[in-house]
Amino acid sequence: MQWILRRCSACGRYTLRKDRCPSCGGKLVVPHPPRFSPDNRYLRYRYELKKKLGMIPS
Ligand SMILES: [Zn+2]
């Protein structure tokens, strides 16, 4: 369940809490944010375009 771990930006402690750090009350950040890939979006766009042009049988 690594992806729900949050990390305190103040002391660096990992926690499952969502609001604030249990030890220092600091702000929590997600250490591994969902990856945003412009490349994938681009490839998807290309795919849709090819489909629209009939280059890929649907
Ligand atoms: Zn902290």
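**Entry 1: Pro22**

I looked up the contacts of Pro22 and, leaving aside neighbours within four places in sequence, found Thr15 and Arg17. Two residues are in contact if their C-beta atoms, placed from the backbone, lie within 7 Å. I am working on a predicted model, in which local features need pLDDT of at least 70 and side-chain atom pairs count only at pLDDT 80 or more, while totals for chains, interfaces and linings use all residues. Residues are numbered from 1 along each chain as its sequence is written.

I placed Pro22 in the loop between S2 and S3. Helices (H or I, at least four residues) and strands (E, at least two) are DSSP runs, numbered from the N terminus.

**Entry 2: Arg17**

I found Arg17 in the loop between S2 and S3. Not counting residues up to four places away in sequence, Arg17 touches Arg6, Pro22 and Leu28. From C-alpha to C-alpha, Arg17 and Arg6 are 7.0 Å apart in space, and in sequence they are 11 residues apart. Why does Arg17 count as exposed? I counted 12 other C-beta atoms within 10 Å, so Arg17 is exposed.

**Entry 3: the sheet**

I next looked at the strands and found an open sheet of 3 strands in the order S2-S1-S3, with antiparallel pairing. The edge strands are S2 (14-15) and S3 (28-29), each of which pairs on one side only. Two strands pair if DSSP finds at least two bridges between them. I noted that S1 (residues 6-8) and S2 pair in the antiparallel sense over 2 bridges. Which residue in S2 stands opposite Arg7? I found Tyr14 there.

**Entry 4: Tyr14**

I confirmed that Tyr14 is in strand S2. Tyr14 is partly exposed, because 13 other C-beta atoms lie within 10 Å. Apart from residues up to four places away in sequence, Tyr14 touches Leu5 and Arg7. I also noted that the C-alpha atoms of Tyr14 and Leu28 are separated by 8.8 Å, with the two residues 14 apart along the chain.

**Entry 5: Val29**

I moved to strand S3, where Val29 lies. Val29 has 11 other C-beta atoms within 10 Å, so I wrote it down as exposed. Not counting residues up to four places away in sequence, Val29 touches Arg6, Arg7 and Ser9. Val29 and Leu5 are 24 residues apart in sequence, and I read 9.0 Å between them in space, C-alpha to C-alpha.

**Entry 6: the whole protein**

I listed 1 helix and 3 strands, which run β-β-β-α from the N terminus on. Of the 58 residues, 5% count as buried. Among contacts between residues at least 6 apart in sequence, I noted that 9% join residues at least 24 apart.

Last, I checked pLDDT, the predictor's confidence in each residue, from 0 to 100. The protein averages a pLDDT of 82, and 79% of the residues score at least 70. Which element has the lowest mean pLDDT? I found helix H1 (residues 38-52) lowest at 80, and S1 highest at 93.

Definitions and conventions:
A residue is buried if 20 or more other C-beta atoms lie within 10 Å of its own, exposed if 12 or fewer, and partly exposed in between; C-beta atoms are placed from the backbone.
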